[in-house]
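Here are my notes on the model you sent. Please read them with the structure open.

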Amino acid sequence: MCGIIGYTGKKQATEIIIKGLKSLEYRGYDSSGIAVFDGENIQAVKKEGRIVCLEKELETNPLSGNTAIGHTRWATHGKPSDSNAHPFVSTAHKFAVVHNGIIENYLEIKEYLQARNIHFYSQTDSEVVAHLIEYLYIGDVKDAILSAVRRLRGSFALGVISSAEPGIIFAVKKDNPLIIGKGENENYISSDITSLQKFTGSVVVLKNYQLAKVTASDIELCDFDGCEQSVETVDVSRELADDTHDFESFMEKEIREIPAALTRALKGYVSPFGEAEYWQGINRIYFIGCGTALHAGMVGKRILKKLLPELNLFAEMASEFRYDDFHIDEHTLTIAVSQSGETADTLSCIRMVKERGGKVLCVCNVPISSIVFESDFALFTNAGPEVAVASTKAYNCQLAVLTMFALDFARLKGALTKQQFEGFMADMGHLPEKAEETLKLNEFISDFSSWNYTRKSVFYLGRGLDYYVAMEGSLKLKEISYIQSEAYAAGELKHGTLALIEDGVLVMALVTQRDLLDKMHSSLIEVKSRGATIITITPFGDNAAIKDVSDYIIPIPNVTDILYPVISVIPTQLFSYYIARAKGCDIDKPRNLAKSVTVE
Ligand code: AGP
């Protein structure tokens with residue numbers, strides 16, 4: 001949801017900014033831009049489209065200078081266009097600003113400034129920031145920025161350069177991520193660590209309500225009242241995620257990495273239950289997240305329910321949970337699931353829960369992220385960097401970690417004996433090899449996709465845990481192939497949606513739960529007799545009834561019932577990938593989306 005990068009040092013800044021923007025492109029890719037101080041003035045080049053369009057534009061309009069800011073945009077206010085692209089340059093060309101977030105009171109500020117003859121050239125909320133800073137400037141850039149941000153409502157990470165104080169980047173954070181990278185006689189700002197890893201392994205993570213004054217050799221921090229704050233440096237790994245290696249896309253690479261990622265997720269699990277008493281009193285757990293992370297939370301809830309039915313358990317969309325009237329007290333635990341650790345809806349739930357006295361544990365893939373910083377406890381998925389907008393390996397690892405947590409909690413609560421617990425753990429230890437085995441279905445799924453990519457509609461059906469995997473499979477297909485798809489709890493279909501089943505509809509059935517086998521079979525007969533083609537993902541391929549009702553079987557390996565989601569989702573991930581490839585879609589950067597959704 002918009003990416004910010006900045007550089008100040010001795011090198012030509014443009015090349016560095018472009019490199020950084022390419023790593024940040026997953027955050028938004030409808031337009032991009034760069035502003036450079038060329039020694040005399042601020043010059044900006046902005047272009048609708050991917051970063052390559054900006055690069056092309058820079059060939060005809062090159063920019064030169066050692067201090068610059070850049071931005072890649074996911075449109076909120078104003079359609080993707082050159083003029084709505086960032087950076088925004090103020091009327092007298094004294095300031096250039098890049099922004100990630102939403103300025104809620106921008107209309108008010110815009111009207112105020114327009115009444116003072118300040119001309120606006122975009123439909124964005126962000127443009128007001130550049131003009132407001134210039135309007136408030138009376139000789140000190142930091143003071144002008146501080147007075148401006150004190151007047152802004154909403155969420156914002158800002159990068160600002162000024163011709164009045166060359167060589168300096170001002171960085172401001174409120175509710176959106178911003179990180180400073182420390183180099184040798186050069187420094188950077190960025191929305192994430194990944195884009196900085198190619199430049200440095202030493203970072204300063206800005207906290208909420210902080211402003212940083214960044215020069216090539218120094219970093220100063222203060223709060224919004226201008227009071228100085230200490231600078232804490234963190235060393236980060238420099239593992240790069242910028243290359244697809246031998247794969248055609250990041251998504252394909254990331255699916256292939258599932259076994260290795262699962263190994264890391266399992267090995268990396270550290271029980272949070274140090275102080276048993278702290279956890280014993282918990283009687284209500286909310287699993288919250290968005291999209292894929294929410295689907296993982298739903299599976300986590302269902303597994304915990306099987307183990308501890310007496311608990312009050314809920315899985316809720318973060319965007320709804322935030323504004324609903326759920327009961328929260330000191331006996332409530334909220335488990336926030338997030339790959340990026342920056343999803344705004346999830347983050348605002350965490351803040352709300354903490355304000356109301358609840359405990360928060362997050363399951364996150366990015367250790368240096370806002371969600372990790374703001375939670376009381378963190379469990380890391382250790383899936384490794386995930387670049388494709390469509391989440392795959394992170395989901396498998398979220399499931400693995402949530403299952404470990406559920407088993408661990410059940411043991412703490414006395415619902416599992418040590419022996420039972422160890423039995424489950426041993427089964428979990430086989431998940432990486434089972435995932436590897438499942439990936440061998442690749443060829444069949446690729447062929448099957450090449451015969452089916454022209455389908456207009458695909459239904460995913462399941463019951464119990466399979467229903468949640470159906471939801472994830474369906475989301476993945478919609479997201480990257482743009483095929484209309486719905487997931488249904490198989491038993492619910494006959495209450496209305498069955499009317500949509502006709503000749504030519506493809507149904508992907510998930511049948512992994514032994515106790516629901518007969519019920520699933522009945523539901524499949526209902527769709528089969530209305531003309532659907534059924535492809536069944538199941539370990540029960542030899543079951544005569546399932547074989548009979550299915551047109552095709554995707555045979556997955558046997559695992560313990562509660563572990564099936566980790567494995568059964570893999571064929572759905574491969575299916576979405578191959579369908580999107582057959583359709584010629586942009587697999588890693590689907591239309592209208594961004595990897596990290598940092599606006600509510
Ligand atoms: C997954 O394929 C999606 N791109 C999306 O649903 C994603 O899972 C969601 O936006 C949540 O992101 P997070 O895990 O980074 O919080």
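1. The model is predicted: local features need pLDDT of at least 70, side-chain atom pairs count only at pLDDT 80 or more, and totals for chains, interfaces and linings use all residues. Residues are numbered from 1 along each chain as its sequence is written, and side-chain values use heavy atoms, without hydrogens and water.

2. Look at the middle next. Strand E21 (residues 457–462) and strand E23 (residues 506–510) run parallel and are joined by four bridges. Val458 stands opposite Leu506 in E23.

3. Now the second largest pocket. Its volume is about 570 Å³. A pocket here is an open set of points on a 1 Å grid over the protein atoms alone, where a 1.4 Å probe fits, with protein on both sides within 12 Å along at least five of seven lines; lining residues have an atom within 4 Å of a point. Volume is the space filled by probe spheres set on the points, which are joined across faces, edges and corners. Of 25 lining residues, Cys290, Gly291, Thr292, Lys595 and Val597 are closest to the centre.

4. Domain 2 (244–429) and domain 3 (440–600) each give that lining at least three residues. The domain bounds come from an automatic or database assignment.

5. The largest pocket holds about 800 Å³ of space. Its 38 lining residues include Thr194, Gln197, Val366, Pro385 and Glu386, the closest to its centre.

Note on methods: Pairing = 2+ DSSP bridges. Helix = DSSP H or I, 4+ residues; strand = E, 2+ residues; numbered from the N terminus.
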